[in-house]
Amino acid sequence: MPDDPDRMPQLDVLVVGAGISGIHLLHRLRSLGFRVLVVEAGGDLGGTWYWNRYPGARCDVESLVYSYSWSDELQQSWHWTERYAPQPEILAYLEHVADRFDLRRDMRFSTRVTTAAWDEAASAWTVATDAGDELRCRFLIMATGCLSVPRLPEIDGLERFRGDVHPTALWPHQPVDFTGRRVAVVGTGSSGVQVVPEVAREAAELYVLQRTPAFSVPSWNGPLDPAVERDVKAHYAERRALARETAGGNPWHERPQSVFDATPEERQAEFEARYRVGGFFLHSAYNDLFTDPEANEIVSDFVRAKIRERVADPDTGEQLCPYDYPLATKRMCIDTGYYEAFNRPNVRLVDLRRTPIVEVTEHGIRLGGDAPQRLELDALILATGFDAMTGALQAVDLRGRDGRSLREKWAAGPRTYLGLAHAGFPNLFTITGPSSPSVLSNVMVSIEQHVELVATILCHLRDRGLTSIEPTAEAEDAWVEHHRALGDASLYPRANSWYMGANVPGKPRVLLPYVGGVGRYRRICERIVANDFAGFVLRGPHGRELAVVPAGAFA
Ligand code: NAP
């Protein structure tokens, strides 16, 4: 009964999530004339930047790059105060965007989507929320973020602890005062590396509980230089265009040179110069750093030497050096005073490989191993990561054609077409989904590309009176294989990282982000669109199916 008015969707598009993707989707699709609603679990918009309010939280991508490119007035008028924007400023920016473009009226907060089921007869999704809504939409877009389901550690006795427990990703909205307190931070990934120097300034005693050391390089953050701001704003269009063509989505060229074509002195000079610039600039020094283990070892050695230089006590410095995975196969950290924090008398590194946590007690943590001891604590900070990329998608009971669930389909790891679309799940899109460049890029660039692609698809369907789109199983299989082959040829599988799903017990060990780079990925998507949406089945009312163009090779 496809024409039953009760079953016609009241919305064209339901967007799940009011973070950077959801905000952009709402603006873009509404301006194209679609009826759009955004549903958000948080109490307000902002996504990552709404939840992660821990001291020191800031973006590792420079402010002038980590910002929307789709409104020149917006990018010209907004002023960032620092080279790397702190969380409150990014949140203020997103709030400003929502107000400036009148987006809040189509956002519903404190509402979590629980189930979504495809209704084949009506070519629509029926979506339920924990607020008791039943929403019907033609297109369902999951803009739920790659790092939005915090993972708390399974440590014996954690619930017994009488002090305060603060997961970095669920930080209170009021500042937490650690002055004079005894604090432990568990976890030394990007969040831990940012929170440590801040808490070190206040706490009486700070224990940093490290299981795996991070590779971190300085951000050299500071007030944004007005001359830089003027120059970037004068050349925004070219810079944005360049970022879209590179592998990492940043506005600088990646050098087409092997590290082995440079002399040791030349390499050292190149690494030094890039280290002085700071951040991810080091990544693109040579083109084989992430494909050749020996090349990677050279840059890893460089960063380890820098870590040792920054830490006064040689033993502590050595314990902070990572040796068991290639640089960047776990996300490299960008810090502001992380290693220097260990030079303070109130900060102590606890190497959990030597002295593992036995249990949390009412008053602290008991460590075992070769030097058993008790840490008396007032507060615990958990910087222990996320169920990345698939967690938020699998948290919703998503049912496609014939009631098949996405969880079932992904039992051995995610299978997608382009990370965006899903065989058996018509009209479902996942922004920066698994097997798209997403977290291996400046995610702003990847989000904007997915939003534009979805807008192109929706307009195409509407203009031709079509009602649904979904990839063929063959196209999806081919994409999964292409993604796997590139991943296997990279160094990423050598680390037990969240990129590999290795941080969540029982999660399939599959490389999640696409390693082909945003430029290449964009060209593949453009060819697919130009080639009559190759690999997709498009259907009209009453199930009429258009001829499918095979996906072909993804060169
Ligand atoms: P993460 O990189 O997954 O780090 C989690 C840390 O917790 C790791 O050091 C991990 O050790 C440790 N850990 C987990 N369970 C533990 C346990 N039971 N006992 C002891 N240690 C435990 O998480 P994250 O730091 O939140 O960062 C996640 C991602 O978010 C980053 O890679 C980045 O992409 C993004 N992020 C970005 C920014 C930014 O742009 N500035 C800031 C924060 C986060 P093992 O390594 O041994 O598992």
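**Charges, fold and selected residues**

Modeller: Let us begin with charge: the protein chain carries 60 positive and 74 negative side chains, and the centres of the two sets are 1 Å apart. Lys and Arg count as positive, Asp and Glu as negative, while His and the chain ends are not counted. Each charge is placed at NZ of Lys, CZ of Arg, CG of Asp or CD of Glu. Please note that this is a predicted model, in which local features need pLDDT of at least 70 and side-chain atom pairs count only at pLDDT 80 or more, whereas totals for chains, interfaces and linings use all residues. Residues are numbered from 1 along each chain as its sequence is written, and side-chain values use heavy atoms, with hydrogens and water left out.

Biologist: How many helices and strands does the protein chain have?

Modeller: Helices (H or I, at least four residues) and strands (E, at least two) are DSSP runs, numbered from the N terminus. The protein chain has 16 helices and 20 strands.

Biologist: What percentage of the 555 residues count as buried?

Modeller: Buried means under 20% relative accessible area, exposed means over 50%, and partly exposed lies in between (1.4 Å probe, protein chains only). Here 58% of the 555 residues are buried.

Biologist: Is His24 buried or exposed?

Modeller: His24 belongs to helix 1 (residues 20–31), and it counts as buried because its relative accessibility is 2%. A contact means heavy atoms within 4.5 Å. Apart from neighbours within four places in sequence, His24 is in contact with Tyr68, Trp70, Glu448 and Val451.

Biologist: With which side chain does Gln75 make a polar contact?

Modeller: A polar contact is a pair of N or O atoms within 3.5 Å; within protein, one must be able to donate a hydrogen and the other to accept it, and residues adjacent in sequence count only if both atoms are side-chain atoms. The side chain of Gln75 makes such a contact with the side chain of Arg240, at 3.0 Å. Gln75 lies in helix 3 (residues 72–77) and is buried, at 8% relative accessible area.
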